[in-house]
Amino acid sequence: MSRIGIAFEKARAEGRALLVGCMPAGFPTVEGSIAAMTAMVEAGVDVIEVEIPYSDPVMDGPVIQKASDIALAGGVRTADTLRIIEAVAATGAPVVTMTYWNPIERYGVDAFARDLDAAGGTGLITPDLIPEEADEWLAASDAYGLDRTFLVAPSSTDARLAMTVEHCRGFVYATAIMGVTGARAQTSDAAPVLVSRVREVTEIPVGVGLGVGTGAQAGTVGGYADGVIVGSALIRCLLDTPDLDAGLAALRTLSAELAEGVRNPVR
Amino acid sequence: MSADALATTGSHPDAAGHFGRLGGRFVPEALVAALDELTEAHRTAMADESFRAEFAALLRDYAGTPSLLYPAERLSAKLGARVLLKREDLNHTGAHKVRNVLGQALLTRRMGKTRVIAETGAGQHGVATATAAALFDLECVVYMGEVDTERQALNVARMRMLGATVVPVTTGSRTLKDAMNEAMRDWVANVDGTHYLIGTAAGPHPFPSLVRDFVRGIGDEARQQCLDQTGALPDAVAACVGGGSNALGIFHAFVGDPDVRLYGFEAGGDGLATGRHAASITGGSLGVLHGARTYVLQDADGQTVESHSISAGLDYPGVGPEHAWLHDTGRASYLPVTDDEAMAAFELLCRTEGIIPAIESSHALAGAAAIAPKLAAELGREPTILVNLSGRGDKDVHTAGEYFGILGKEQ
């Protein structure tokens, strides 16, 4: 059984999508990121996605890039990320980790899986790892019972889409638009099409990310997806405010708005 | 170059782009369809006689190839080796890079795409891409680190004259690797009508093989020229290695000649021991960067470390996966050359042959100078060393002038 599957089932029973909130580890500091993620959980975010900051994040737009740069400049290490995951998992919310592949290879794939499991993480979202390159991760995630979230995109062929979801456990990440992370004025037309294509081949929950930033958008996406993934808009709460307390207040407000959004799905 | 010589040879990489444990595709899923499309376009183009003929005609009539093979006698006397220079510096736009951009521009047109994007460090690949885009009437956007746009204002102007849009990249270290990240982001968002015209034999499959196929004419020509002029193959081939396209281009024809030693010279910067260098193979470790598994400069957590070299074209923290593989298999030897060694070779070529080389290519010259006595001892005779003079030094006049302290009114 997938670790995050229970949370998806619970939300499904409530007739709503799960709200997944993303924050880079160590942004703005290690302690600050723990405070931010805890605040998100308290304000209604169901699942925390901890992103391991990486020097070359090609799937990320300017907001996450900037937050990652701040975290790395502050000296955050992979070991700190594991500590953050452990602290946030203690709130009771499932914690999934999003990471580019090189930091994991460097740490050691099996060693990371072992330590992620020990820290209470549910699994990995891997934006630059496709199943064809993932043999080591497939083995390690099986060994430690961790979830695997690969990405599907509007450009994925039917054959690739089927192959990719077959390798997923927990949920599959549908990238709503052809592009990088970042809140956008309008949600995507391509996303519902992509989600229904995924549903044709699997019952695994589908999370939709890229471009969601408001409660209304969360309601729209929550109308057709199992999970609504929000990153940049939440991170901006901390980037745009003068100090951490003001940032946490803004973060709570937006988290509550998004939580309200997924509870009012537009179908 | 004969049309047949363009066909891909060898069993590497495998169908998924792996050179042994190296290469592959470490990319967002959104790009896989485009990489598959490109793989197929590359395969069918290489099998298409008319494509190869058109490419060969462009190389001949527009780029000015085959480039000369020049026996550098005065330099040879200084080095104690018979040095043959493959004069890629005489190509249109001043370097081997024109071969790659013309090939990829032809491929862009073949795929029905109307826009190309590129990354550039010093601006040489950006200028070459802008050149091909002008020739093929393609929209062209070049991503360049903000730091580099300031250092290389002339090349920025060149690209703009040729009709390209130059976008300064302000993220990360604001240099080549960040320009590459930004180009990837553009590509993810605009992949339908856009081709990413990558500047070196790196990146996800099929780029390393595709670029290699477009630049391999360097070695194919040089091998024949060498046989024609000397009646034998060279004892060694020397090239500089940043991403590695010029080196692969000249190595490829000789990989099957076991008696020909292949030497790749990496940018040793201030010296490997200082940590300030761009030597990914000799001073880095195995990792994943920009879509491929290869040797990279990284810290203990897998974060990319900034590279350092006096040569902007070698100043990159990764290397093409085929070089990593040639290193792993032992077929080619990779050695570092410091800034000072490269600049000494730069000056030596200026003074002995009246040729101002690119600082990149000066690393190959310095390397040739270093291996000459060892080869002579090993062979018991004067060795013949083929050096890829991959580019000319016009772009480096300011850097070299500062290095030698000869700018200004008085010497």
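Which residues does Val387(B) touch, not counting residues up to four places away in sequence?

A: Val387(B) touches Val83(B), Leu84(B), Leu85(B), Lys86(B), Ala238(B), Ala364(B), Leu365(B) and Ala368(B), with residues up to four places away in sequence left out; a contact here is a pair of residues whose C-beta atoms, placed from the backbone, lie within 7 Å. This is a predicted model, in which local features need pLDDT of at least 70 and side-chain atom pairs count only at pLDDT 80 or more, while totals for chains, interfaces and linings use all residues. Residues are numbered from 1 along each chain as its sequence is written, and chains are lettered from A and ligands numbered from 1 in the order in which they are written.

Val387(B) is also one of the residues with the most contacts inside the largest nonpolar core, together with Ala174(A), Val228(A) and Ala368(B), and this core has 218 residues. Such a core is a set of buried Ala, Val, Leu, Ile, Met, Phe, Trp, Tyr and Cys residues joined through C-beta atoms within 7 Å, where buried means that 20 or more other C-beta atoms lie within 10 Å of a residue's own, exposed that 12 or fewer do, and partly exposed anything in between. The largest share of the core, nine residues, comes from helix α15 (residues 359-379) of chain B; helices (H or I, at least four residues) and strands (E, at least two) are DSSP runs, numbered from the N terminus. In soluble globular proteins, nonpolar side chains tend to be buried together.

The core draws at least three residues from each of domain 1 (19-62 + 96-211) and domain 2 (64-94 + 216-404) of chain B, the bounds coming from an automatic or database domain assignment. The C-alpha centres of these two domains of chain B lie 23 Å apart, and their contact takes 36 residues from domain 1 of chain B and 38 residues from domain 2 of chain B. On the side of domain 1 of chain B that touches domain 2 of chain B, the elements that each supply at least two residues include α2 (49-63), α4 (97-110) and α8. That side divides into 17 nonpolar, 13 polar and six charged residues, with Ala, Val, Leu, Ile, Met, Phe, Trp, Tyr, Cys and Pro counted as nonpolar, Asp, Glu, Lys and Arg as charged, and the others, Gly among them, as polar.

Helix α4 of chain B also holds Lys97(B), at which UniProt, in an unreviewed entry, places the feature "modified residue: N6-(pyridoxal phosphate)lysine"; such annotations may be inferred rather than shown by experiment, feature names are shortened, and positions are given in the numbering used here. Lys97(B) is buried, with 31 other C-beta atoms within 10 Å, and, its neighbours within four places in sequence aside, is in contact with Gln124(B), His125(B), Ala128(B) and Gly199(B).

Turning to the other chain, the contact between the chains takes 27 residues from chain B and 33 residues from chain A. On the side of chain B that touches chain A, α8(B) gives the most, with six residues. Arg174(B), found in the loop between β7 (165-169) and α8 of chain B, has a positive phi of about 60 degrees although it is not a glycine, and Arg174(B) is partly exposed, with 18 other C-beta atoms within 10 Å.

Terms used:
Contact = placed C-beta atoms within 7 Å.
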